[in-house]
Amino acid sequence: MWQDIIDSKADSAILGFFLNMPERTFSVLEISKHLRQRPAKVIGSLSKLAEADLIKSFSKKGKRYYFLNEPLTPIEYRSRISYLKENPEALQLFLQKYNKLKQDSIFCANKNIQSENVVGDRLFRCQKCEDSFDLEKCDEVNRATFGFDGVSSQDVDFFGPMQLCYEGFSIFGQYNCVSTILCHYSHDAFYSEYCISSHHLFGCISLHHKEYAIFNKQYTKEEYLKLKAKIVDHMKKTGEWGEFFPVTSSPFPYNITVAQRYYPLSKEQIETKGWHYETAAEGEEEEYEGAFEVLPADTTSMDSSVVGKVFKCEKTGRPYQMIRQEYDYLHSRSMPLPRVHPDIRNERRMERRNPQALFQSSCGRCGKATQGSFDPAKKQNIYCPGCYQRCVINQPQASDQPVSIA
Ligand SMILES: [Zn+2]
């Protein structure tokens, strides 16, 4: 529910969401094999960008050895990367310039690519999808986020191949399901959780390779269909049929789940809805009264004894530790060790990402009204897709001015 590290295989760690097994990637959100871009270009992980020979350069297509939009020789480029790795202060300065460059760069209003009749953002090869974000190869999937290969479904999050699914989370290889959580490779499942490779289930939990079950009890096909119809009739009368499990049944307080990251609510808003709010999560005062280890300025050559030691977050003062995989990854690439708590690192990643929400804005070139996930309050330079294609992709940017890091 609240896990940063989704996968540590293939020499990768601390990933946000991915559709294809990434390799040699660290601390990123959103990876996809369908983007036809290397993950680094999409996200901006320092290590991966360094490996991709392209770092922090916006709106550049097919470029190599660019650093803050400045073309460099391969030797100059690698020299700057090495300098950043070894000098935390230079890295901070670099990040400031990066943010300035980002503010001054031109962005396409939305990233709906090879898609038709869609409303949303970051939709790749989709058609007839509405109010959806971060989908690939979906057809008639509405009010959905994070998924691929979905057909004729609605109100679903985090899914793989599926068809005719409604109100569900973590749906993979499923057909004709309503209100399911992680019922992979199942079909005709309703109000069930963690039931794998099963079918014709109603109100079941943790079944594998089962069929015609209600509340985990086995019935004959005829008994199941008769009883299911009776339950559905009752749920229609109470207004429950078709609705997802109520939030009040969640064992987790809203403010400590990932929902808070995507759809932040205040304490008052959460409690007004009757949902659980955990006060302790606000202060996050871990009970630690021991000593803190102190990281030196250059951490790139520290040995593995740092694993398991307790450090003090430079931003919040909270204690944190490094895990072995994290250390191994960073050390093997001579990258600096983290100085802030993993929560802060996750917050920073999320801040760089556009929300799953649509905003209206005007094209900075032609003035036409356009729609995308860029919040107009951030005052970024947004072009409509047509102008972006003409002026940025097909033409060199007028704003292509090198930025010095010296
Ligand atoms: Zn325009």
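Modeller: Lys-368 is exposed, since 12 other C-beta atoms lie within 10 Å of its own. Exposed means 12 or fewer such atoms, buried 20 or more, and partly exposed in between, with C-beta atoms placed from the backbone. This is a predicted model: local features need pLDDT of at least 70, side-chain atom pairs count only at pLDDT 80 or more, and totals for chains, interfaces and linings use all residues. Residues are numbered from 1 along each chain as its sequence is written.

Biologist: Where is Lys-368 found?

Modeller: In the loop between β19 (359-362) and β20 (369-372). Strands are DSSP runs of E, at least two residues, and helices are runs of H or I, at least four, numbered from the N terminus.

Biologist: And what is Lys-368 in contact with, neighbours within four places aside?

Modeller: Ser-362, Cys-363 and Cys-384. Contact means C-beta atoms, placed from the backbone, within 7 Å.

Biologist: Switching to α11. Which residues are buried there?

Modeller: Cys-387, Tyr-388 and Val-392, in a helix that runs over residues 385-393. They sit on the same side of α11, because they cover an arc of only 100 degrees around the axis, taken from the directions from the helix axis to the C-beta atoms.

Biologist: What covers them?

Modeller: β6 (106-108) and β21 (381-383) are among the elements that do.

Biologist: Which residues touch the most other members of the largest nonpolar core?

Modeller: Cys-126, Cys-129, Leu-135, Cys-177, Phe-190 and Leu-201, out of 30 residues. A nonpolar core is a set of buried Ala, Val, Leu, Ile, Met, Phe, Trp, Tyr and Cys residues joined through C-beta atoms within 7 Å. Another core, of 9 residues, lies apart from it and includes Cys-387.

Notes:
Two residues are in contact if their C-beta atoms, placed from the backbone, lie within 7 Å.
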